[in-house]
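Dear colleague,

Here is the structure I said I would pass on. My notes on chain C follow below it.

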Amino acid sequence: MSAVIEARELGRYYGQVAGLNELTAEFPSGVVGLVGPNGAGKSTLLRLIVGELSPSRGSIRVLGQDPFANRELYRRIGFCPQQDALYEDLSGFEIVRLLLRLGGFDAAESKRRAERALERLSLGERMHHRVRTYSKGMRQRVRIAQAIAHDPELLVLDEPMTGLDPLGRREVLELLRELGAEKKHVLFSSHILYEVEHLTAEIVLIHRGRLLAKGRLGEVRALLNRHPRKVELVARRARDLARELVGWNEVLAVRLGSQQGIEELLSVETRDVGAFWRRFTALAAGASFGVSEARSQDASLEAVFDYLIA
Amino acid sequence: MKAEAHLEVYRRFQGRLEEHRWRAWPILDAGLRVALKQRKALLFLFAPIVIATIVFSVVVYAKFVVDGLESDALGPEGATSLEGMAMQAVIQAQIGRLLEVVTWMIEFVKAMGFAATLLVAWFASGLLCEDKKAGAHQLYFARPITRLDYFLGKFAIGSFFSLCAMLAPLLVISTVAALSSPEWSFLKQEWDLIPRAIFYALVWTTTIVSLVLLASSLAPRRSFAMIGVFAVVLLSEAASGLLGNFIDPAFLVLGIVNDLNALCYHIFDKPVAGPPVPVGLAWTGVAVTLGLSWFVIALRLRRMEVVA
Amino acid sequence: MPKVEGEGEPRADSSGSAAELASEAEIHAAAPAYLPPPGPGAILAFPPLSEPAPVLILEGLEKRYGSLHALRGLTLALPPGPTGLLGPNGAGKSTLIKLLLGQLEPSAGRARIAGFDPAVPAERLALRRRIGYMPESDCLIPRMNAVEIVTALGRLTGMNVRDAITRAHEVLDYVGLEEARYRGLDEYSTGMKQRLKLAQALVHDPELLLLDEPTNGLDPKGRKHMLELVHDLGHNQGKSLLLCSHLLPDVERTCERVIVIHKGTIRSQGTIHELTRREESWVKLEIDGDVTALQRELTAEGLTHEPDGEGRLRVRIASADGDRLFQLAARAGVALSELVLERSSLEDVFVEALAAGGGTQ
C-alpha cells in the first residue's frame, strides 16, 4: 500500500533561500497535521504537494503521480492556500462556481456544487454578496469551500482557521473530522497545536526544511528518550506521597509544587510512564493519600514540539 | 566585590507624563528625522537650489560691484558742472541697479517657490497616505493627541522643507546684496523686501503644503499623491487659462498658481507680471483653496480614526 | 553575598546583610492589586478581601450607526486584573475598543476608565495616558526602526526625550527584541512585529492594556512567548488587561475573568473559574488495561459511568474521592493513567452564552 504522499529527498530553493532542504517522508492516510515553526517549509511543502511548484531536487509523488502541471491530478486535489487573494468584485458563489467551471464541470453542476460547498461552510445567506463586503472569517470560508467543492480525494489546507472566531474554528474542525470519516485524505498545517491535537493523532513535524518527526503523537513522545515523562499529581498528603515515590526506581525526580487550598501539587519525572502508573494505582489503592487528580503533563503536542524545537 | 544578579523583569515607569506645550512636536521631530535619512533625495532636490543661490549671489554681487565700478569710473573725470550731472547719473544708475536687483530677487523668490513645491511634493506626499497604508494611525490616535495635533505635526514637516527652500536662499542673497550694495543702500532702502518675502513664503508654503496633504489624505499611495498634486495644479492652470482667455478673465482665479502669482506681486507692491487677477479675487481663491483642503483633510482624518 | 533584584527600580546600594535582603525581598514580593481565586476543591481558610475599585465601568453604553445597533446598553463593572473579551466577529468588540479610546462617541450611556470618561475631550487625553493599545492589524509606523517608533510614541504620550529613550529600551528588553531593534522593519518576522506592538503599548506603563489578538500569525514558539508576556503582565505586574482573542485556551491561560459579547450585548461575564465550574462532579479517567473490568467494578459500587473514547471513562463521583477510584481500578486489575476533574471548557461557556441570547449572567 503506497502512501498518499511520498517525498524523497525533496528540496526546493528560491535562489539561495532553502524553502525545503531535504525532506524524505511518507504521509499516512486520513487526517494528518503538519506542524513546524515559521520558516520551516510548511507552505513550500504544501505548494509542492499540490503541484504549484516543482522541486529543485528530489521527487514528490501524490496519489502515485507527479503533481506538477498535472491537470488530471488537480481534479483530485483541493487546496486552500494561506494567502488572502480573492476577486473582490465577485461574490463568494461566483468565485467557487468559476473555479469549478475551470475544473471542467458544466454550468448546472458547477452551480449545484458551489451552492452545496458554501452551505456546508455556513455561507448560505451571504454567498451572493460581493467578497469585498466579507469579514476575514467569511473570506476564509470561501477559500475552504472552493477547496472542497469538487469533492477531491486529497484536501490540503494551509492554516485553515485563521481569522475564524471560536464558533467558526469549531465548525471547520468538525468539517475536517467529517471529511476524514468520509475516507478522504486531509493534510492541514496549523500553528495552533492544541487544535491539531484535538483533531488527529497523526502528525508530521518539520523544521529547517527537513523532517523532524512523524507518526502518532503518543509514539513520537515515547521516542524522545532524552526527556523523561512528567506527571502531575494533586493530593492532600502530598509530602507523604512524595516520600514514598522518591524510593521508586522508575522515578527520576519529585518536585513539590504550589499549594492549592489544602491540597498540594506534585510533579514527578519518570523514565517509564506505563510502569509508573501501574505501580501508582496499586499504591493509591492501598494507602489513602487523598489523591484527587493525576495526569500527564508533557505528552501534548505542544510539549513534544518544545522538546524537538528547543 | 559583591556579586550581583539582575533579573530582567518588567520595570515600572518612575517618571512623569506631562503635556508638552505643543503636543505634536514629536511628530515633527520624528518625521524630519525620517525624511532627512533620504540622503540622495535631499542632494538631488536641494542641489539646484544651492547652485541657483550661489549663481544668483554672484550675479547680484557683480551687478552692484562690477557694474558699479564701471559707472563710478565714469564719474570723477570731467568738468565741475558735469560733475553734478555725473553724480546724478551715478545715483540714478545706482537706484536703477538696486531696482533691477530687487526685481530679480522677487523672481528668484518665486522660482524658489517652485523648487519648494518639488521638495514638499517629494517629502510630504507620503505623510498621511503612508500612515494610513501601514495602519500607523491606529497607534497615533490611541495617544493623547487630537486629530488637529496630528495634522499640525504633519503640516510642520512639509512646511519645514518649503520654508528651507524659500527662506534660506533669501537670507543668503539678502546678505550678499546688503554687503555688496554701495553704503548698504540695499538695507537702507529696500529692507522691506525681506519681511515681504517672508510673508509671501508663508502664503506659498501654507497653500502648497495644504494641497500636498490633501492629496496625501485622498491617495492610497505616495506616488499617486505626488502625481495628484501636479495633476491638480496643472489642471487648474489649464482650466483657468482656457476659461480665462476665451470667456472671462475673471476665470483666471481658478488657477491656484495664477492666484499666488498675483498675490506675490501684490505683497511686494509691484505691478503684476503674468495673468492679471484682481487682488481681492486672488485672496479669495487662496482662501477657498485652503478652506476646501482643510475641510476634506479633516473628513479624511476623521475617517482614519473611526474606521478600523 | 549574592544579591537578586526583583521588580522595581534598580538600587544604587549593593551592600546588604541577610536581614536587609529579607526585608527588601518582602517589599518587592508585594502582592498584586487583586488575589487570584482559590484552586479547585479548596476550602477557604480566610475571608476574601474586599473588592478593589473597578478599573472599567460601563453604564448603558450604546453605539448606533444609523439603523445598525453596534452596541446596545452595555453595563459592566470590571475589577482590575486580566480579562478576556470574547465574541464572534462583528459582535462589537472593535467598536467597544474605539469607544474606550475615545475615538468614537457613544450614542447613549457612559464609560469610565480609571475614573475618566473618554467621551469628554478634556478627560480623553488624560485617559489615553493610562491605556496601552495593541492593535490586531498592521500598525507600525513606516520608515522607522523599533527604537524610533517606541521613542516617538512615548514622547507623544508625554515623556521627555531622555525618559522616552530609556524607557523604549527597557520595554524592548522586556519583550525580547535585542539587536533587531536597530534594524528596519522590513526584515522583521511576525513574531518580532507582534512583540514590538506590545512594547509600544507598554512604553508609558499604562494601568490598562487593550490587547487585540496578540498571538495573531505567530508560530508555536512565538505564541508561547507572547502568552508568557501577557500572563506576566496580568498576574505579576499588576496590570489590568482586556484581551480579545479567538483562541479560547489562550484566554484560559492568561485571564482570570471573561466577558462574552454577541450582537452588541454582554451575554456572559464572570471569573473563568466560576463559569467553568460544573454543577455535578464528573471525573475523567484514562485506563491502561481492560476497561470493561473497571466498568463492572464501578457498576458494582453503584457509580454512574459512561465511555469517553478509546480507553477512557467518565465517572460521576465526589472530587475528593480519587482514592476510591484507584481502589476499584486495583481490584479490576487495571492501572489508571489519568484522573482529572471535568470542567467545562471555555469553549462550552462561549457556545452556551451565545445560544442563551440576551441579558447578562
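C:His305 stands opposite C:Val315 in S13(C). That residue pair belongs to strand S12 (residues 305–307) of chain C, which pairs with S13(C) in the antiparallel sense over three bridges; two strands pair if DSSP finds at least two bridges between them. Strands (E, at least two residues) and helices (H or I, at least four) are DSSP runs, numbered from the N terminus.

This is a predicted model, in which local features need pLDDT of at least 70 and side-chain atom pairs count only at pLDDT 80 or more, while totals for chains, interfaces and linings use all residues. Residues are numbered from 1 along each chain as its sequence is written, and chains are lettered from A and ligands numbered from 1 in the order in which they are written.

S12(C) and S13(C) form a hairpin with four residues between them. In the turn, C:Gly309 has a positive phi of about 105 degrees. S13(C) also pairs with strand S11 (residues 282–288), again antiparallel, over five bridges. There, C:Trp282 has C:Arg316 as its bridge partner.

In a regular strand the side chains alternate between the two faces of the sheet. Along S13 (residues 312–316) of chain C, C:Leu313 and C:Val315 point to one face and are buried (20 or more other C-beta atoms, placed from the backbone, within 10 Å of the residue's own).

As for the whole chain, chain C has 12 helices and 14 strands, and 44% of its 361 residues count as buried.

Regards

How values were computed. Buried ≥ 20, exposed ≤ 12 C-beta atoms within 10 Å, placed from the backbone.
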